[in-house]
Amino acid sequence: MSPTGSTPSEPTVLTGLERVRRTAREDKQVRFSALLHHLTVELLRESFLSLERKAAPGIDGQTWKQYEHGLEDRLKDLHGRVHRGAYRAQPSRRVYLEKPDGRQRPLGIAVLEDKIVQGAVVRILNAIYEEDFLGFTYGFRPGRGAHDALDALSVALQFEKVGWVLDADIASFFDTMSHEWTMKFIQHRVADPRILRLIGKWLKAGVSEEGEWSSTTIGTPQGAVISPLLANVYLHYALDLWAHQWRKQAAGEMFIVRYADDVIFAFQYQGDAERFRLALAERLRQFGLELHPQKTRLIEFGRFAETNRKDRGQGPPETFDFLGLTHICARRADGKFHVKRRTVGKRMRAKLAAIKLELRKRMHRPVGETGLWLRSVVRGYYQYHAVPGNGSALARFRFRLGRLWRHSLVRRGGRRKPTWSTVTRLIARWLPNATIVHPYPIARFTAKHPRWEPYAGNPLVRFCAGGGE
């Protein structure tokens, strides 16, 4: 076996990236000046195969299936253009996605070749930045996901000394990222001018909306393969490292969980929370970012919040939403505190509204075909939302979905409209019952972080919500 731990049969590119990873781990100050040679045909192929097959095309209209024909020749040509400097980034196609609150979120759909090259560059840069990113960050990182972030947050709220929660919302983060600061942050670790030129090309490629091109002088398109990594690098330097240091001046404990631009800060004391909120706003302004004035909230939340508020003659603790789940202070049957989590109401309504529109399109399709589609929708919904304590919300989703299906079947017309008993049989056959699929947060978290124990040691050197230190 080679010194890097790879076998002779493994692709050379992985061995090379392992060397990059090891160097990044051992020397936090080194700047990598030779990275583009890791972008090989093999890495481009891996990037292509990881793309969503049915994703919408960019401005050139080219789909994954079309590009697959003659793939090897296409990849060799693309590889040559990238290394000769002849590769040109194309504008993203601007589309809008309706958010649960009714607002529209702009997305940028890149052409397929841009996605392929971006995906390959992300794999190269991940070898560096996965050694740099802190333990409490989860969004768009290999081996980490939304439920890891939710588990870490639940464990901190339920078992650590938490009395206050700052739900921080960075206003229009992806749209307001400074190109200048993005490049400066990347250059902390990347000195290869060819990689830097590629990133600069993607930032300045612009967007095309209804055939009209417009330049982009700020922000990075949501939907671009490279954008999540750039966002993580941006917030690593603008927020994470600073917040990690700020904890040292806190009088009590402080915990952080970040998933992309969604951040929760938890504090033991109100004074720390209020001081940090002011400092955070000032810190973000230095890098062209702002806290959303309405969505950013500081609330009393935790094991003692209910008792403390009752002693002051106040109502129950407020709730907050994070990654699609509403977090609620609750008590078990034995009186012990726990964090109850339910699907955010507006998220469920938005999902049902989208299903209703699709049912209209499928109105005259065979019942069995629609049933198969609905079964996959329900299973996908459960796969994310079926957390302990959320059973009633899942059952409500299934019931409302059944009503939408009945309404669609009735509108099909015909001499005999389906009765409720007929629809009930269809629902029983095609829509799976609500079943909890996720373990309790403490079980999964302790399995991944076996050395964690609540209240043990100094809060600055022991576990912090989001990973070991």
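User: At what angle do helix H14 and helix H16 cross, and how far apart are their axes?
Analyst: In this predicted model, the axes of helix H14 (residues 367-385) and helix H16 (residues 420-430) cross at roughly 50° and come within 9 Å.

User: What do we call that kind of arrangement of H14 and H16?
Analyst: H14 and H16 are oblique to each other. The class follows because an angle under 35 degrees would count as roughly parallel, and 65 to 115 as roughly perpendicular.

User: Is the crossing of H14 and H16 left-handed or right-handed?
Analyst: H14 passes H16 in a right-handed crossing.

User: Which residues meet there?
Analyst: From H14 come Val367, Gly368, Gly371, Leu372 and Arg375. They meet Leu426, Arg429 and Trp430 in H16. By class, the contact of H14 with H16 has four nonpolar, two polar and two charged residues.

User: Now to H2 and H4. What is the angle between them?
Analyst: Helix H2 (residues 41-50) packs with helix H4 (residues 71-84) at an angle of about 120°, and their axes are 9 Å apart. H2 and H4 are therefore oblique to each other. H2 passes H4 in a right-handed crossing.

User: Which side chains or residues of H2 and H4 are involved?
Analyst: On the H2 side, the residues are Val41, Leu44, Arg45 and Phe48. On the H4 side, they are Leu71, Glu72, Leu75, Lys76, Leu78 and His79. This contact of H2 with H4 divides into six nonpolar, one polar and three charged residues.

User: Changing topic: in what order do the strands of the four-stranded open sheet lie?
Analyst: The order is S6-S7-S3-S8, and the pairing is antiparallel. Strand S6 (254-259) and strand S8 (297-300) are the edge strands, each pairing on one side only. From one strand to the next, the twist averages 15°.

User: How many bridges join S6 to S7?
Analyst: Six bridges join S6 to strand S7 (residues 262-267), and these two strands run antiparallel. Within this region, Arg258 stands opposite Val263 in S7.

User: Which helix packs on the sheet and touches S6 and S7?
Analyst: Helix H10 (residues 227-246) does so, and its direction makes about 175° with that of S6.

User: What about the loops? Where is Glu210?
Analyst: Glu210 is in the loop between strand S4 (207-209) and strand S5 (212-214). Glu210 has a positive phi of about 55°, although it is not a glycine.

User: Is Glu210 buried or exposed?
Analyst: Glu210 is exposed, with a relative accessible area of 78%.

User: And where is Leu323?
Analyst: Leu323 lies in the loop between strand S9 (320-322) and strand S10 (325-331). Its phi is near 55°, a positive value in a residue other than glycine.

User: Is Leu323 buried or exposed?
Analyst: Leu323 is buried, with a relative accessible area of 12%.

User: Which residues is His179 in contact with, leaving aside neighbours within four places in sequence?
Analyst: With those neighbours set aside, His179 is in contact with Leu203, Thr216, Thr217, Ile218 and Gly219.

How values were computed:
Residues numbered from 1 in each chain as written. Predicted model: local features only at pLDDT ≥ 70, side-chain atom pairs only at ≥ 80, totals over all residues. Heavy atoms only, no water. Axes fitted to C-alpha atoms, helices over the stretch in contact; angles between N-to-C directions. Parallel < 35°, antiparallel > 145°, perpendicular 65-115°, else oblique. Left-handed = near helix turned anticlockwise from the far one by under 90°. Contact = heavy atoms within 4.5 Å. Nonpolar A, V, L, I, M, F, W, Y, C, P; charged D, E, K, R; others polar. Pairing = 2+ DSSP bridges. Buried < 20%, exposed > 50% of the residue type's maximum accessible area, 1.4 Å probe, protein only.
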